[in-house]
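Reader: I have a structure open and some questions about it. Can we go through it piece by piece?

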Amino acid sequence: MIGLGNIARSMIELCWREGGGRVALVGVLVRAPRAAEAEAWLGGRAPVTTSVPDLLAVRPDIVAECAGHAALKVFGEPVLEAGCDLVTLASGAFSDRAFEARMRALSRERGRRILVPSGAIVGIDGLAAARHGGLTRVVYSGTKPVNAWRGTAAETAVDLDGLTEPATFFEGSAREASSRYPMNANVTATVALAGIGFDETRVRLIADPAARGNLHALDYEGAFGHARIEIQGRPSPTNPKTSMLTAFSLWRTLIDEAGAAIRVG
């Protein structure tokens, strides 16, 4: 595991509760100033390290990256080089064309996989399937409470404190959304990777002062027909920028990799 923030802790708790010997946590990588805190939280149930070589020395089968775009760009290539599969929620990092190209090439060269969970949205499996028949339009709309957009570029695009009704503050490509709103819009990158790419996928981001949760809407059409999917997700109680479903999605990916008897989706 790389990182020990809210998503990582939720996933680890699921591992302890539901792992049943199929998934075991063999090490956690954190920044040096956070090592003591990490050791206290883990309570000796997994070793804590502050260097990638030490983490990889325990020879994990798969590394789960839960520390964001910057961490994926620093640690993603060494993980693949070491012969480990990589699961990451920081799909927005792939909006960087050069980084995406390097990671794809390294994945092929080393015979390792990069797994991107569906995260906070549903319907990704259908979108990925529809791509093979040809997609003509993919639009993602993300509506979140005002507090979820604080500390982001939305603060300069709209008066968050003065809103009395929903306001669309961003419309553009998934590439731009993933780059400008990395803490809130990774889901746009996941949609782009599953569908028609970063430049063709359209994105709308909305701040709603009356919203009680995060509303994700995915609308796509092509040779298969037309689909519109909405999910009213509850934000994490400890981080309003993240949906609760995100950690569940990561855990589901790891359980499937451990060898589910029947794998759906």
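**Domain, active site and charged pairs**

Author: Starting with the annotation: an unreviewed UniProt entry places the feature "domain: Aspartate/homoserine dehydrogenase NAD-binding" at residues 3–117. Keep in mind that this is a predicted model.

Reader: What is the helix and strand content of residues 3–117, and how far apart are the end C-alpha atoms?

Author: The span is 47% helix and 12% strand, and its end C-alpha atoms lie 17 Å apart.

Reader: Where does UniProt put the "active site"?

Author: The unreviewed entry has it at His-216. That residue is found in strand 9.

Reader: Is His-216 buried or exposed?

Author: Buried, with a relative accessible area of 2%.

Reader: And what does the side chain of His-216 make a polar contact with?

Author: With the side chain of Tyr-140, at 2.6 Å. Leaving aside residues up to four places away in sequence, His-216 touches several others, among them Lys-144, Val-187, Glu-230 and Ser-243.

Reader: Strand 9 turns up elsewhere too, I think. What covers the buried residues of helix 6?

Author: The cover includes strand 9 (214–222), along with strand 6 (135–145) and helix 9 (186–194). The buried residues of helix 6, which spans residues 124–131, are Ile-124, Leu-127 and Ala-130. Viewed down the helix axis they fall within an arc of 125°, so they line one face of the helix.

Reader: Why would spacing like that put residues on one side?

Author: An α-helix has 3.6 residues a turn, so residues three or four places apart point the same way.

Reader: Changing topic. How many salt bridges does a search of the whole structure find?

Author: It finds 19. One of them joins the side chains of Glu-37 and Arg-9, at 3.0 Å from N to O. Glu-37 is in helix 2 (residues 35–42) and Arg-9 in helix 1 (residues 6–18), 28 residues apart, so the pair links distant parts of the chain. Arg-9 is buried at 18%, while Glu-37 is partly exposed at 38%.

Reader: What about Asp-85, which residue does it meet in a salt bridge?

Author: Arg-112, at 3.6 Å from N to O. Asp-85 lies in strand 4 (residues 85–88) and Arg-112 in the loop between helix 5 (97–110) and strand 5 (114–115), so the pair ties together parts that are 27 residues apart in sequence. Asp-85 counts as buried at 9% relative accessibility, and Arg-112 as partly exposed at 27%.

Reader: Which residues are linked in a network of salt bridges?

Author: Arg-137, Asp-219, Glu-221, Arg-228 and Glu-230. Within it, Arg-228 pairs with Asp-219, their closest N and O atoms being 3.5 Å apart. Asp-219 is buried at 12%, and Arg-228 is partly exposed at 48%.

Reader: Last one. What is the phi of Arg-59?

Author: It is positive, about 55°, although Arg-59 is not a glycine. Most residues other than glycine have a negative phi. Arg-59 is found in the loop between helix 3 (52–57) and strand 3, and is exposed at 71% relative accessible area.

Note on methods. Residues numbered from 1 in each chain as written. Predicted model: local features only at pLDDT ≥ 70, side-chain atom pairs only at ≥ 80, totals over all residues. Heavy atoms only, no water. Buried < 20%, exposed > 50% of the residue type's maximum accessible area, 1.4 Å probe, protein only. Helix = DSSP H or I, 4+ residues; strand = E, 2+ residues; numbered from the N terminus. Arc of directions from axis to C-beta. Contact = heavy atoms within 4.5 Å. UniProt positions renumbered as here; feature names shortened; annotations may be inferred. Polar contact = N/O pair within 3.5 Å; in protein donor to acceptor, adjacent residues only side chain to side chain. Salt bridge = Lys/Arg side-chain N within 4 Å of Asp/Glu carboxyl O.
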